[in-house]
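Dear colleague,

Please find below the structure that I am handing over to you, followed by an account of what was found in it.

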Amino acid sequence: MSFKIDRGLFKYDFIDHHAILCVAVDADVKEIRKRYLQIARRLHPDSNLTESAAQKQLGNELLSKLVNPAYEKLFGDRTRPEYIIILSQIGKRLVQESTSVTLNTDLAKQLADAPAPNLEHFYKSAIAKLAQTQYDSLEQALQVIGQVSELNLVYLMRSAGKSSTAPPPHTQPKVNLDTPQPNTAKNTPLAPAPAPAPPKEDLVIEQYVRRAQSLIDKNQFAQAKVELQDALKLEPKNSRCHSLIAMVYLKQNQLKMAKIHFDNALKLDPNDETALQWKPKIDKALGQQHSDHKVTSSPNNKDKQPDKSGSGGLFGGLFGGKKK
C-alpha cells in the first residue's frame with residue numbers, strides 16, 4: 001500500500017517528517033523520541049489485540065512506511081542537520097511564492113492570520129491538540145498529517161518572512177525641505193553614528209560556536225555536534241558553523257558528512273581557511289576509499305582487504321595518528 005499526501009509541504013515534493021510524527025518543526029530530539037514511542041505503541045500490531053486483522057495491517061504499514069522512516073530522519077545525527085537546512089530553504093521559497101500558496105484547513109488559515117506575537121503559541125498549541133488524536137482513526141491519519149503539514153508550511157513561511165522583512169537597524173529620518181530647519185554652526189563636527197548592535201541571533205550563534213569549540217578542544221565531539229546542529233537550526237547559512245561541524249564529523253571518521261558541510265562552508269564563504277585546508281584531503285581520502293572498494297570487489301582480488309585501522313591509510317594520512 002502506498003500513502004499519498006497532497007497538502008502542506010508534501011505539495012512541494014517534500015516528505016514532511018515532522019507532520020508524520022505531529023511535532024513542531026523546531027522540536028528537539030527528546031520530544032521527537034517521546035512522540036515516536038507514543039505512536040509506535042498505538043500502531044504496533046501486538047499493542048492492539050482487539051482490532052481486526054485489517055486494522056492491524058494498516059497500522060503496521062503506517063508504522064513501517066511512514067512513522068519509522070520519519071523517526072530515523074529526525075532523530076539521526078547524520079540525517080537531521082541536512083533535513084533542517086532544507087526546511088529553512090523551503091521556508092524562504094514559500095515567502096517568495098506566498099501569493100500562490102493555497103490553504104485548505106481552517107487551522108492553517110487561522111495561523112496565517114494570527115498576530116505575530118501569538119504565532120508560536122498558536123502553532124504549537126494546534127500541533128499538540130492534533131497529536132492527541134492523530135492516529136485514533138487509522139483511515140483518517142493521512143488527512144491529519146496533511147493538516148499538520150499545512151500548519152508547518154504557514155509557520156515556516158511566516159517565520160522566514162519575519163526575518164527577511166525586518167527593517168535595517170538604523171535609518172536616517174526623512175527631512176521635509178519645505179520646513180525651516182534649525183540653524184547649525186558650520187564648524188561643529190557631526191557626531192559619529194553609533195555602531196549598530198549585532199543582531200541578537202548573531203550573539204546566540206556566537207555562544208553556540210564558543211561552546212562547541214571548547215568541547216572540540218576537549219575531544220567531546222558528540223556534545224560539540226549537538227551545539228552546532230542547534231546553531232544551524234537558527235542560522236543555516238553560517239559558514240563558520242558548517243566548517244566546525246565538518247571538523248567534528250571528520251574527527252568521528254564520517255567523511256561524507258564532513259565533505260557536505262565543508263562544501264556548504266565554501267559556498268557561503270569561498271575563503272574559509274579550514275574548509276580550504278581540509279576539503280581536498282577529504283576528497284582524496286574518499287577517492288582512495290572508492291579505489292580500495294573497487295580493488296577488493298574485483299574477482300581477482302578476493303583476499304585483499306582495505307586498511308581500516310585508525311593509524312593507517314585514511315586517518316593516518318589526515319591526522320597522523322589514531323582517531324581518539
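Predicted model: local features only at pLDDT ≥ 70, side-chain atom pairs only at ≥ 80, totals over all residues.

Residues are numbered from 1 along each chain as its sequence is written, and side-chain values use heavy atoms, leaving out hydrogens and water.

With 23 residues, α3 reaches 31 Å from its first C-alpha to its last, close to the 33 Å expected at 1.5 Å a residue (1.5 Å times one less than the number of residues). Helices are DSSP runs of H or I, at least four residues, numbered from the N terminus. Buried residues in α3 include Leu58, Leu63, Leu66 and Ala70 (buried: under 20% relative accessible area, 1.4 Å probe, protein chains only).

The axes of α2 (residues 29-43) and α3 (residues 53-75) come within 10 Å and cross at roughly 170°; α2 is therefore roughly antiparallel to α3 (over 145 degrees between N-to-C directions). Among the residues of α2 that meet α3 are Ile32, Tyr36 and Leu43, where contact means heavy atoms within 4.5 Å. By class, this contact has 12 nonpolar, three polar and one charged residues.

Elsewhere, Glu227 lies in helix α9 (residues 221-234) and counts as buried because its relative accessibility is 17%. Glu227 touches Tyr208, Arg211, Ala212 and Leu215, not counting residues up to four places away in sequence.

Yours sincerely

Methods
Helix = DSSP H or I, 4+ residues; strand = E, 2+ residues; numbered from the N terminus. Buried < 20%, exposed > 50% of the residue type's maximum accessible area, 1.4 Å probe, protein only. Axes fitted to C-alpha atoms, helices over the stretch in contact; angles between N-to-C directions. Parallel < 35°, antiparallel > 145°, perpendicular 65-115°, else oblique. Nonpolar A, V, L, I, M, F, W, Y, C, P; charged D, E, K, R; others polar.
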